[in-house]
Amino acid sequence: MLFGPTSPRPAGVDMTPLNQLSQPRRLSIPTVALALGVFLLTACGGDGEVLTTYTGGDVSRGEMRSLIAMIYGPEGEAQATLDQQNQLLTNYSLMKIAALKAKADGLESEESVRNQTVLKTEQSQLFAYNAYMRDAAENAELEFYEMQFLYLPLRGAEGDQSAGRAAEAADLLKALNEKKDDTPAVEDLIYERTGHQRYKWLGGYLDPHCVSCTPNPLNFFLTDPLKEAEAGSFVEVKTPEAIWLIRRFKSYERGVNDLEDIFQNYHARTIRLASDRKAALPEAEQNNPVFNQIVLDEASRNELAKQQAERLQRTETNNALTNQLNKLREEKDMELLPALRPGAEPKDSDYSPETPLFRMGEAFYTLADLDQQLGEAAGAIGLREKLQIVNSLIVPLKLLEDESAFQSVKGNDDYEFMLQLREQEALAAAYYG
């Protein structure tokens, strides 16, 4: 089975449990293997290519791609092994056959089938929108800053150095801005005075940083002040741990799938600086272990650049829906209330129909509101699963209900795939039972 047997599971949010497909229960192969012919094809093909045939239907490559992406992520075709793909193909085919058998046996009207599919249209819409957002993210332009900094720690072996650092920072800020157009002079000053033992060898240059990505860990204390600062000029930013004298010397946009060269250029430039610094040291000082981490050969730095680009690509595409929901949650003033996320196993005695689960603006969503949406299925679903449904399905639906793109995915291929999947797995569960 694809999902658990007792309740609807939201689509497009957390699909990890779908790997349960590899363990169909009480399956009678002679009963359901109705002329099943499984063709385990590994070559690339179009979505309409048939991979499996059986009496009454087939499985296309498009269906398999959707399943693999659902279970293993957007890069699933590259990450899932051939054995895993073949097992998934076989078991998905058997599930579809079981669904056909359930229909033939008149199980469509079973209460368990109705209960499992009560939110199938909402799940399908959210699943389709997740795919839409992921595809849109692959074509997005990201905004990058390239920054250079001098670091003055406020605490060290000597204790709190805040008092003396303020005057030192003012003098260094003035000196840096006087030299700002003389790149070698700025690099030399940073090398001589910065307290950051790694970046002193790299000229104080930070790795290219995406400021439009979510989350942006440098946003509040570094990149936000630089948005208002003149490009190329150093500004002072103070944190509890240090004083940063930092500048944005370059900003640009780059496509999500076109990132590798900006990291390659960064590593080539900074490793060259570190190599020059190392060569200028007395031979006895050239064994500093930091150089083993910094001074990489060309193949190693290209591999590092590739890994950085791929990691950012994955983060942006995989988190596209989450980032959108977080943005809307703030815009629409949504608050998830303690009853929705209890610290321990929820108890029925602690909840009533009037218990509020979240607030959006002045409106509250209660347990009674959920039961109304679930209809006759409400009594068959436990409290814990109800809270999971609200967290992973109802909350996103409420946030997205006014978004035109969210409405536009109704009826598209991803929507129809999930709608069919929810119906088939409910029928298969009834048949297995």
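User: Which element gives the most to the lining of the second largest pocket?

Analyst: As a general idea, rolling a probe the size of a water molecule over the atoms shows where empty space is left. In this predicted model, helix α13 gives the most to the lining of the second largest pocket, with 5 residues. The pocket has a volume of about 590 Å³, and 21 residues line it. Nearest its centre lie Ser-212, Cys-213, Thr-214, Glu-316 and Asn-323. The elements that contribute two or more residues to this lining are α6 (120-138), β4 (141-153), α9 (219-228) and α13 (320-331).

User: How many residues of that lining are nonpolar, polar and charged?

Analyst: The lining of the second largest pocket comprises 10 nonpolar, 7 polar and 4 charged residues.

User: At what angle do helix α10 and helix α12 pack?

Analyst: Two packed helices are described by the angle between their axes and the distance between the axes. Here, α10 (residues 260-280) and α12 (residues 298-318) pack at an angle of about 140°, and their axes are 8 Å apart. The angle therefore makes α10 oblique to α12. Their crossing is right-handed.

User: Which residues make the contact?

Analyst: From α10, the contact involves Glu-260, Phe-263, Gln-264, His-267, Ala-268 and Ile-271. The residues of α12 that take part include Arg-301, Leu-304, Lys-306 and Leu-312. The contact of α10 with α12 divides into 7 nonpolar, 4 polar and 3 charged residues.

Conventions: Residues numbered from 1 in each chain as written. Predicted model: local features only at pLDDT ≥ 70, side-chain atom pairs only at ≥ 80, totals over all residues. Heavy atoms only, no water. 1 Å grid on protein atoms, 1.4 Å probe; cavity = no way out; pocket = protein on both sides within 12 Å on 5 of 7 lines; lining within 4 Å. Points joined across faces, edges and corners; volume = space filled by probe spheres on them. Helix = DSSP H or I, 4+ residues; strand = E, 2+ residues; numbered from the N terminus. Nonpolar A, V, L, I, M, F, W, Y, C, P; charged D, E, K, R; others polar. Axes fitted to C-alpha atoms, helices over the stretch in contact; angles between N-to-C directions. Parallel < 35°, antiparallel > 145°, perpendicular 65-115°, else oblique. Left-handed = near helix turned anticlockwise from the far one by under 90°. Contact = heavy atoms within 4.5 Å.
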